[in-house]
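Open the model in your viewer and keep the sequence panel beside it. Each stop below names a selection and then says what is there.

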Amino acid sequence: MKALKVLTATLISLGSVLVSLPAKAEMAPQTVIDGVYVGIQHIHGYKATPKLVWGVAIGRRGGCGPILGSQYCKRNHTVYITAQDIRMAYQHGDAALAYIIGHEYAHAMQIAYGFQPRVTPISELQADCLAGVYLGLIPNIVFDKRDILEIATLAHRIGDYQWGHRHHHGTPEQRVRAVVLGMKGAVNGNRTRACQVRRV
C-alpha cells in the first residue's frame, strides 16, 4: 500500500510536468487499436467482446444517441473512440490511447460480468482500474516507465472536481490511483479482483 501511495504521488507530480511536453508517437493509432483490442479480448475468453468503432466525429449519432466523447453503448454493444480523444491521447503518447480503449472496453465488461453495472463515479474509477489490469495483461506488449507516465498524465488530465454532476468520473488523483491499482493487479496476480467494489 505504501508503494502504491509513493508511485501515485510520483506520477501525479510528474504528470504536471510531462503534460506540457510534446509526445512522440511510437505507434500509429490503427496499430495501437488493433494491438490493444485484440490483446485485451483474451482476458475474458473472447466472451461479450463489443464491436469497436474508432475515429468517430463528435456529434455523430451512435446507438445511444449523439456521440459527445468516447463511450461504450450498451444498446448496440459498441465501443466508440472519438477522433478528438485520439488527438488528445497523442498529446501524451500512444499508451494514453491504449488507456482510453481499455477504459471503454471495461465498461462493456462491467455490464457483461456484473462488476459494477450502474454509472457512477465509482463505476468510472473501476473502469480505470480494469483498464490498468487489461493493459497489464496484454500478451507480448510491455508498458515501460514512459508508457505508464503517458497513461497516468492522461488519467490526471481527464479527472474532474464536478462532484454531484452526472458526468463526474473522479478527481485527477483518484483516476491516477485507480489505473495504477489495476496495473499493479495485473502484475501481482490479483487481476480483476484488484478492482472489486466492496459493498458495506
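**Ground rules**

This is a predicted model, in which local features need pLDDT of at least 70, side-chain atom pairs count only at pLDDT 80 or more, and totals for chains, interfaces and linings use all residues. Residues are numbered from 1 along each chain as its sequence is written, and side-chain values use heavy atoms, with hydrogens and water left out.

**Stop 1: the whole chain**

Show everything as a cartoon. The protein has 7 helices and 5 strands. Both are DSSP runs numbered from the N terminus: helices are H or I with at least four residues, strands are E with at least two. Along the sequence the order is α-α-β-β-β-β-β-α-α-α-α-α.

Now colour by accessibility. Of the 200 residues, 50% count as buried. Buried means under 20% relative accessible area, exposed means over 50%, and partly exposed lies in between (1.4 Å probe, protein chains only).

How much of the contact at a separation of 6 or more comes from residues 24 or more positions apart? The share is 68%. A contact here means heavy atoms within 4.5 Å.

**Stop 2: α2 against α4**

Select residues 29-41 for helix α2 and residues 94-113 for helix α4. Two packed helices are described by the angle between their axes and the distance between the axes. Axes are lines fitted to C-alpha atoms, for helices over the stretch in contact; angles run from 0 to 180 degrees between N-to-C directions.

Here the axes come within 10 Å and cross at roughly 40 degrees. That makes α2 oblique to α4. For reference, under 35 degrees is roughly parallel, over 145 roughly antiparallel, 65 to 115 roughly perpendicular, and the rest oblique.

The crossing of α2 and α4 is right-handed. That term applies if the near helix is turned clockwise from the far one by less than a right angle, and left-handed if anticlockwise.

Show side chains next. From α2, pick P29, V32, I33, V36, Y37, I40 and Q41. From α4, pick D94, L97, A98, I101 and Y105. This contact set divides into 10 nonpolar, 1 polar and 1 charged. Nonpolar covers Ala, Val, Leu, Ile, Met, Phe, Trp, Tyr, Cys and Pro; charged covers Asp, Glu, Lys and Arg; the others, Gly among them, are polar.

**Stop 3: α5 against α7**

Move to α5 (residues 121-137) and α7 (172-188). The two pack at about 35 degrees, with axes 7 Å apart. Their crossing is right-handed.

On α5, select L125, D128, C129, G132, V133, G136 and L137. On α7, select Q174, R175, A178, V179, L181, G182, M183 and A186. The residues of this contact divide into 9 nonpolar, 4 polar and 2 charged.

**Stop 4: the disulfides**

Which cysteines pair up, counted along the chain? The pattern is 1-2, 3-4. The whole structure holds 2 disulfides, each a pair of cysteine sulfur atoms within 2.5 Å.

Stay on C129. Its partner is C195, with the sulfur atoms 2.1 Å apart. The link is left-handed, with -80 degrees about the S-S bond. C129 sits in α5 and C195 in the segment after α7, 66 residues apart. C129 is buried at 3% relative accessibility, and C195 is buried at 6%.

Finish at C64 and C73. Their S to S distance is 2.0 Å. This link is right-handed, with 85 degrees about the S-S bond. C64 is partly exposed at 30%, whereas C73 is buried at 0%.
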